[in-house]
Amino acid sequence: MKYTVMIIVLLLSTVLFAQNTLTFTIGEWAPYSSKTLDGYGIMPEIVTAAFKEVGIEVKYQWMPWNRALEIVKSDYNYDGTVGWGKTDERMKHFVYSKNQIVSDKQVLFHRKDYKFSWSNKAKDLMGKKVGHTRGYANMGALKTAVEKGLVMDIADSDLINFKKLVNGRIDLFDCNLYVGRDIINNKLTPQEGELLTYKQEVLSDSPLMLLVSKSHPKADYIIKKFDEGMEIIKENGVYEKIVKK
């Protein structure tokens, strides 16, 4: 009887531990997220801190961004995915957090010797060779331009698009401002980086959220606990401390 009770206690402890641990998919997107950064970058640091406030531990599974989104639709070994903007298509499949993790400020990068007029309107993009990274949402004037027939040059990573920009294979590339700067400073040669600049006018500025599949059995619970934790870290100053690092 004694051993039976011990086994039951151990099993209950395992179940409770599992319930207090969530696993989220995420991709490399320095400085927002990277396995090489302290705390895995700003987004994982914020998500981890928010869930910690409500007694939940967070683990991350790193993979290409497209797969990170697709796999959580039906594989409940993963409880959600971190760092996505809203689109009509995604809203069909996912529950979004109410609180944003960070803001995604997109700008247009280009070669310094490529001159063009930019008033943040779709007409300014028509007829241009615009690079775009697979899996990213089209936002702002870019979305309107695509709806009007702009065909973009799609690549599998931001780095590939920057290489295309350097080599003159595309005219413009829409990218997060801070991610773009990080790639130019750390992934390109100084000579390549010197060729590039960006338009100061923001293409779009949208919230990046935590997503959980609508079919996940604990979707509402996970989102609720995250939003509760976010309110706490915004109130106690932890959120501001992380984003100002």
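## Basis

The model is predicted, so local features need pLDDT of at least 70 and side-chain atom pairs count only at pLDDT 80 or more, while totals for chains, interfaces and linings use all residues. Residues are numbered from 1 along each chain as its sequence is written, and side-chain values use heavy atoms, without hydrogens and water.

## Helices H6 and H7

Helices (DSSP runs of H or I, at least four residues) and strands (E, at least two) are numbered from the N terminus. The axes of H6 (residues 158-166) and H7 (residues 177-186) come within 11 Å and cross at roughly 65°; axes are lines fitted to C-alpha atoms over the stretch in contact, with angles from 0 to 180 degrees between N-to-C directions. H6 and H7 are therefore roughly perpendicular (65 to 115 degrees).

Asp-158, Leu-159 and Phe-162 of H6 meet Val-179, Gly-180, Ile-183 and Ile-184 of H7 in this contact (heavy atoms within 4.5 Å).

## Helix H9

The 17 residues of H9 (residues 219-235) should span 24 Å at 1.5 Å a residue, which agrees with the 25 Å between its end C-alpha atoms; the expected span is 1.5 Å times one less than the number of residues. Buried residues (under 20% relative accessible area, 1.4 Å probe, protein chains only) of H9 include Ile-222, Phe-226 and Met-230. The buried residues of H9 pack against strands E1 (21-26), E4 (94-96) and E10 (204-213) and helices H2 (42-52) and H10 (238-243).

## Thr-23

Thr-23 lies in strand E1 and is buried, with a relative accessible area of 18%. Leaving aside neighbours within four places in sequence, Thr-23 contacts Lys-59, Gln-61, Asn-77, Tyr-78, Asp-79 and Gly-80.

Definitions and conventions. Angles under 35 degrees count as roughly parallel, over 145 as roughly antiparallel, 65 to 115 as roughly perpendicular and the rest as oblique. Buried means under 20% relative accessible area, exposed over 50%, partly exposed in between (1.4 Å probe, protein chains only).
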